[in-house]
Each structure stands twice: as C-alpha cells, then as structure tokens.
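Thanks for coming, everyone. Let me put the model on the screen.

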Protein chains: 2
Amino acid sequence: MAKYTMRDVARLAGVSIATVSAYINGTAGVSERLTAKIAEAMAALDYHPDQVARSLKVGRTQVIGMVVPDVTNAFFPEVIRGVEDAAAVEGYSVILCNSNEDAEQEKRHLSTLFSRRVDGVLLACTDTAAAYGSLIQRRFPIVFLDRIPQGIPHAGVCTDNEGAGHVATRHLIGLGHKRIAFVAGNLRHSPHAERLNGFRKAMQEANIAVRDECLRMGDQSIESGYKAGLEMMRLAVPPTAIIASNNRMLLGLMRAVNELKIRCPQQVSIVGFDDFAWTQHFTPPLTVIAQPAHELGRKAMEMLLGQIRAGEGNETKRFENLRLAGELRVRESTARPPALQLVGKTRRKGGD
Amino acid sequence: MAKYTMRDVARLAGVSIATVSAYINGTAGVSERLTAKIAEAMAALDYHPDQVARSLKVGRTQVIGMVVPDVTNAFFPEVIRGVEDAAAVEGYSVILCNSNEDAEQEKRHLSTLFSRRVDGVLLACTDTAAAYGSLIQRRFPIVFLDRIPQGIPHAGVCTDNEGAGHVATRHLIGLGHKRIAFVAGNLRHSPHAERLNGFRKAMQEANIAVRDECLRMGDQSIESGYKAGLEMMRLAVPPTAIIASNNRMLLGLMRAVNELKIRCPQQVSIVGFDDFAWTQHFTPPLTVIAQPAHELGRKAMEMLLGQIRAGEGNETKRFENLRLAGELRVRESTARPPALQLVGKTRRKGGD
DNA sequence: ACAATGTTTCGAAACGATTCGAAACAATTT
DNA sequence: AAATTGTTTCGAATCGTTTCGAAACATTGT
C-alpha cells in the first residue's frame with residue numbers, strides 16, 4: 001500500500017492541506033481552479049483519506065458493533081443482512097462478534113468494541129442481568145435485537161413473539177387440536193418466554209387447560225428438541241400437536257417423530273419458528289412462523305442511527321420498542337387431529 | 001460514556017502521560033510506587049485506552065475485513081466462526097461485508113476497508129478478474145478463502161474441491177453407478193470448477209464416459225438445482241445418480257425429485273456438498289461432502305496474521321495455498337443403482 | 001478610489017495516543 | 001567525592017486528519 005497523506009496531495013496540488021480537506025468534505029467553497037488541481041493530484045496519487053485519523057478528530061468512527069450469540073444459527077445471518085443494508089446507506093461498517101451464549105465473552109466483546117470507539121452497538125444479549133443498565137445511563141447508543149433485557153429502559157426491536165406464539169396456537173386450535181404441547185427454549189431469553197406467553201394466552205382464551213407434561217423447557221438445541229419430542233410422544237396420552245419455539249428444536253422434534261415412526265401431520269401436527277430454505281423442502285414441508293429477520297435488522301440499525309444522530313433532547317425516541325409481526329406459513333406439517341380427520345373426511349364426502 | 005483520556009489518568013496519578021503509556025504497554029520499567037498510583041487512577045476513572053488514537057500512532061488497527069458473497073449461505077457463518085476464533089486470540093476484530101455476488105459492491109467494500117486501514121483482508125471473491133493483482137503487488141495482507149482467483153500469485157485456503165468431487169464420484173461408482181450426473185454451480189467460481197474436475201477425473205479413471213445431458217451448469221441457487229433436476233430426470237434415460245455441487249442446488253434437486261415422485265435412493269442416488277443440521281434430518285438423510293468450514297476460517301485467519309506480522313523476507317510463505325480435505329458422510333440418499341439393487345437382493349438372499 | 005461585504009485560502013491548534021532522547025535519580029565502582 | 005552505569009521519569013514531537021479564526025482576495029455600492 002503506497003501510503004499518501006493529505007499533505008502529499010496538498011503539496012502536489014500546490015495548495016494548503018486545509019483546502020484539500022475542505023474540498024473532500026465539501027465544508028467550504030473551493031474555487032474551480034483549485035478543485036481541478038486537487039482532484040488531479042488525488043487521482044495521480046490514488047489518495048484515499050485515512051479514516052482512522054479522521055475518526056480521531058471528529059470523534060466518530062462510522063463503525064458499529066453487533067454482537068450475537070451465534071452466527072451459526074441461521075436466523076442471525078438474515079438479521080445481519082438487514083443491518084448491513086441499512087448501515088451501508090449511511091456509510092457505516094459493522095464489526096461482528098459472537099458471544100457464544102456466554103455472558104463473559106459478551107462482556108469482553110462489548111469492552112473491546114468500546115475501546116474501538118464504535119458509534120453504537122446492536123446487541124442480541126445473553127445476559128438477563130442488568131449489566132446493560134450503566135451503558136444506557138451513560139447514553140451510549142445501543143439497541144437490543146431479538147433478545148430483549150428485562151427491567152431496564154431500553155430501545156429494542158424484535159418479533160412480536162407473544163403474538164406469534166398466539167397465532168401458532170390459534171392455528172392448531174382452529175384445526176381442532178386440544179392436546180397441544182409447547183417445547184420452549186431457554187425462558188431467560190425473552191423470545192421464548194414471550195412465545196410461551198402467547199401460547200398460554202391462546203389456550204386460556206379457548207378454555208383449554210395446559211397440561212404440565214405438555215410443556216417442555218429446552219435449551220434451543222437440536223438435542224433438547226429431540227429429547228422433548230421423544231418423551232412427549234411416549235406419553236400414555238400424547239399431544240396431537242406440538243409447537244417448537246425455535247428452528248433447532250424443531251429439527252430435533254422432527255427427528256424424534258420420525259424415529260418413533262409417528263406420521264406427521266396424520267398423527268401429530270407440528271409448527272415451528274423461523275423459516276429457511278430447508279423448512280419448505282422438508283418432508284413434510286413445515287408449517288412455521290417466519291420472523292421478519294431482515295426487516296428486524298434493518299429497523300434495528302435505523303433506530304441505532306437515530307440514537308447516534310440524536311443530539312440531546314428526544315428522550316421519548318430513546319427507549320422506543322418495535323415489535324414486528326411474524327407470519328404464519330401454513331404448509332403440510334399441520335392438519336386436523338387424528339380423531340377429527342375421519343369426521344372431516346366424512347363431512348367432505350357428504351358436503352361437496 | 002464518560003470519556004477520560006490518558007492525560008486525565010496522568011494528572012490524577014501525578015505522573016506524566018508518557019509514564020502512563022509505558023505502564024499500560026509494559027514498554028519500560030515503571031517503579032512500584034507509580035504502578036500502584038496509575039492503576040488506582042485508571043480504576044477510579046474507569047479508563048479505557050482509545051484504540052483509534054493508538055491505531056493512528058502505531059499504524060495498525062487490529063481489525064481485519066472479511067468479505068463474503070452472502071452470509072446467508074450457511075457455509076459462511078461457520079467459516080466466520082473459525083475466523084473469529086483465531087482472530088480473538090490475537091485481539092483482532094473483524095468487519096464483515098456482504099458483496100452480494102456483485103463485483104462492484106465487492107470493490108466498494110474493499111475500498112472502504114482500506115480507508116479504515118484494516119490490517120488485512122479475508123476474501124471470498126466474486127470476481128475472477130485480476131482486479132486483485134495490484135493489491136497483492138502492493139503487499140497488502142490478503143488471503144483468499146473458499147473461492148480462489150485464477151492466474152495471480154496469492155495466498156489462499158479452501159477445501160480440496162477436486163479431491164472432494166473425486167471422492168463423491170468414486171462413492172457412487174463404487175455403488176455401481178454408471179450414469180452419473182453433475183449439477184455444477186457457476187464455473188467461474190473455483191470450488192465448482194474444481195469439483196467438476198474431480199468428477200471428470202474419477203469418471204475417466206473408471207472409464208465411464210460423461211454424457212453431455214448429464215452435465216448441468218447452475219448458478220448456485222435452489223431454483224437452478226430444481227430446474228436441472230427436473231430436466232435430467234425427465235430424460236429418456238435419466239441418470240441413476242446425481243451430484244449437486246452445493247447445498248442450495250442440492251435442496252432444489254431434492255424438490256424436483258420429490259415432485260416427480262422419484263424415490264431417493266431407490267431410483268436415484270444423490271450426494272451434495274456441505275453438511276448442516278438439516279441435511280442429516282432430511283428425508284432421506286443426505287449423503288454429503290462436509291467441508292471443514294470452521295477450520296477453513298481458522299487457518300485463513302492464521303495465514304493472514306502471518307502475513308501481517310511478516311517483516312519482509314519470507315516470500316515463500318506469502319503465497320502459500322492450503323487445501324483442506326472434505327469428508328464424505330454417507331447417509332441414506334445414496335444406494336446401489338436400480339438395476340443392481342435387484343441383483344444385490346437376489347445375491348443376498350442366496351448368499352447369506 | 002474607499003469602505004463594506006462576501007468568498008477563498010491558509011496557518012496552526014487540536015484529537016489521544018506512542019516513542020525518542022534527554023533529564024533526573026539511584027546504585028555502584030574508582 | 002567524582003565518575004560510571006543503569007534505571008525511572010518526563011517533555012515534546014508525531015501519526016493524518018478537521019476546524020477555527022484570520023489573512024488574502026475579489027466584488028459591490030457609494
């Protein structure tokens with residue numbers, strides 16, 4: 001890298017360094033004569049301004065940090081795309097960090113991000129603790145994404161998880177299911193707690209009791225979905241429908257069902273969360289709640305930019321919380337429960 | 001963010017700013033008395049050194065850029081994990097960029113990365129052109145990842161794609177297949193070109209002619225895999241086995257096969273590339289070549305660190321090329337071809 | 001022709017660290 | 001007690017920008 005500085009450009013163009021700066025940033029009028037000279041000099045040297053020097057001076061880096069528990073969870077890459085798309089518009093770059101579901105690592109990452117003077121942080125947090133309170137008090141721009149912390153004022157954007165849980169449940173109830181099970185992820189993570197709430201609410205509204213043995217707490221892993229599926233489908237009276245609170249547990253659940261040679265959806269209906277390429281090519285194609293992952297990322301970044309730009313003042317906006325609707329995509333993993341399927345068939349035969 | 005500078009720490013500790021720096025970086029002996037005072041002052045102010053100022057002075061940012069065509073392709077998140085793991089060890093952060101398979105965007109990203117004075121770049125390139133030549137000549141630390149450019153000296157790490165294509169093909173040949181098809185991705189991307197080479201070589205070694213209609217050039221999309229699958233399985237004499245050169249086309253291929261009600265592996269064997277959680281839970285569980293994605297990322301980062309550290313001198317190391325072996329994971333989407341299955345069964349009946 | 005006004009242009013001081021070489025001090029040898 | 005050596009400490013310059021205020025210049029109205 002041939003490294004030229006503004007000084008070199010100035011010298012070559014025969015102007016002062018201040019003028020070059022003014023030209024580049026358009027901060028002051030520069031005569032046509034000098035404009036031409038400077039442009040020429042810059043081209044000749046293939047000069048590119050040093051952003052780190054600039055950052056030091058202006059106190060902004062045009063970089064934000066994004067920390068997620070695990071990029072390897074297909075939900076996050078889509079979010080990242082959204083974030084980048086919104087970031088690119090404003091000339092922002094993003095430093096990506098994996099916290100690996102570990103509060104300690106998360107803290108370390110945040111700390112190095114601050115040292116690097118990022119202008120803000122997007123955080124899918126692992127920690128429920130109010131470890132974030134001090135950040136927010138210091139008015140550091142931060143917006144929470146997907147996972148929302150409890151008990152502190154904050155800005156955040158996530159799927160309307162309660163609504164999504166509710167919709168999924170209503171879909172099953174609408175099909176005639178009563179023995180509906182729910183395989184939750186770690187309830188300390190807001191999405192899973194809220195999806196469970198939505199489930200509970202829908203069940204209550206329909207006056208269906210939630211049986212204890214139809215509630216399983218997993219840990220978001222394939223393995224835990226598998227175990228939950230195995231256990232539940234071996235019950236004396238197994239559920240006729242199961243909701244898996246994330247895509248990994250869904251996968252585990254499907255494996256359990258397949259292994260037990262239980263037919264889906266004939267014997268058990270299943271709905272999961274997240275929609276990826278493979279979910280619709282699965283056998284059977286899976287009914288899921290799709291999260292607006294890309295949009296989630298875009299909105300979060302836009303909110304963060306808002307905070308970054310915010311002079312003082314707009315306190316109201318600072319703690320905005322956005323919840324985007326999930327979308328139920330009905331495919332072939334859900335159907336009427338076994339008992340009703342016959343009724344359904346008879347009816348159709350008679351009716352149509 | 002209460003922002004304190006080294007000057008504040010120095011003042012509070014009653015020492016010079018140079019001494020604080022010496023203490024922090026351990027560059028010179030600092031007496032116990034002052035050490036204590038400085039540590040105390042730093043703690044009192046919750047001081048964290050400003051990395052951007054530091055970067056400006058020392059000419060290193062401890063940040064690298066990574067540009068991939070699309071994080072949304074599940075292969076890359078795993079690579080990213082590998083990169084981050086290796087980066088973290090040395091205190092490096094990574095700025096992630098999506099080129100979106102677009103040479104223009106890639107160029108823009110590279111350009112902003114340089115402006116930000118990243119210490120090096122990891123690049124899964126879209127462009128086959130020698131647009132990278134000048135970078136390399138300028139000795140800018142760069143290592144290519146997965147996709148390797150042609151015709152210029154470079155450092156790179158990727159899967160041994162030719163070997164992988166060869167292994168996949170040999171697996172099918174070993175099962176007795178002769179009419180083997182290959183659905184390639186964009187051949188301008190080295191992995192696909194090389195996988196195809198491996199396929200050709202294996203076929204040649206086995207003295208099996210590659211039929212034209214059994215070679216399809218896709219574009220890495222699900223759609224193209226689907227189309228290729230449809231077309232080939234509708235041939236008068238369809239192939240008895242198909243290799244899909246990436247995970248997306250594999251998915252499309254499976255859809256085509258399902259739609260045509262062709263049974264896999266009974267009527268057609270299929271092997272794909274990349275191994276994710278869903279591949280083994282597919283119906284049938286898919287035989288694939290797994291790429292050592294995490295390792296790929298780790299090694300690439302380590303090579304990059306090597307280049308960054310390299311004083312002048314070690315020219316040999318500069319253009320090192322690493323090829324890591326893929327691993328064939330035989331599952332249930334491959335079996336003996338239809339004709340032989342009967343023979344197989346009869347034999348078994350008689351023999352066992 | 002001169003003052004008043006509005007543009008361009010520039011010199012110099014930051015931003016917050018590192019680093020060089022000299023100054024200050026202590027310990028040792030003569 | 002002076003000279004020598006080695007260790008701490010510090011002042012000041014520097015990295016490559018931005019930005020403030022003043023200087024230089026051109027333009028206009030009187």
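A word on conventions. This is a predicted model, so local features need pLDDT of at least 70 and side-chain atom pairs count only at pLDDT 80 or more, while totals for chains, interfaces and linings use all residues. Residues are numbered from 1 along each chain as its sequence is written, chains are lettered from A and ligands numbered from 1 in the order in which they are written, and side-chain values use heavy atoms, with hydrogens and water left out.

DNA strand D comes up now. How many residues surround DNA strand D? The number is 24, and the closest are Met6(A), Ser21(A), Thr19(B), Ser31(B) and Lys57(B). Near means that a heavy atom of the residue lies within 4 Å. Of the DNA strand D atoms within 4 Å of the protein, 71% are in sugar or phosphate, and the rest are in bases.

Now the polar contacts, meaning pairs of N or O atoms within 3.5 Å; within protein, one must be able to donate a hydrogen and the other to accept it, and residues adjacent in sequence count only if both atoms are side-chain atoms. Met6(A) uses a polar backbone atom, 2.7 Å from a phosphate oxygen of DNA strand D. For Asn25(A), a polar side-chain atom sits 3.1 Å from a phosphate oxygen.

On to DNA strand C. It has 23 residues around it, the closest being Thr19(A), Ser31(A), Lys57(A), Met6(B) and Ser21(B). Sugar and phosphate make up 72% of its atoms within 4 Å of the protein. Thr19(A) places a polar side-chain atom 2.6 Å from a phosphate oxygen of DNA strand C. From chain B, the side chain of Ser21(B) has an N or O atom 2.6 Å from a phosphate oxygen. Which element gives the most to this surface? That is α4(B), with five residues. Helices here are DSSP runs of H or I, at least four residues, and strands are runs of E, at least two, numbered from the N terminus.

Last, β9(B), residues 269-273. Five of its five residues are buried, that is, under 20% relative accessible area with a 1.4 Å probe, protein chains only. Ser269(B), Val271(B) and Phe273(B) point one way, Ile270(B) and Gly272(B) the other. β9(B) pairs in parallel with β8(B) over three bridges; pairing takes at least two DSSP bridges. Ile243(B) stands opposite Val271(B). Three bridges also join β9(B) to β10(B), again parallel. There, Gly272(B) is partnered by Val288(B).

Note on methods:
Buried means under 20% relative accessible area, exposed over 50%, partly exposed in between (1.4 Å probe, protein chains only).
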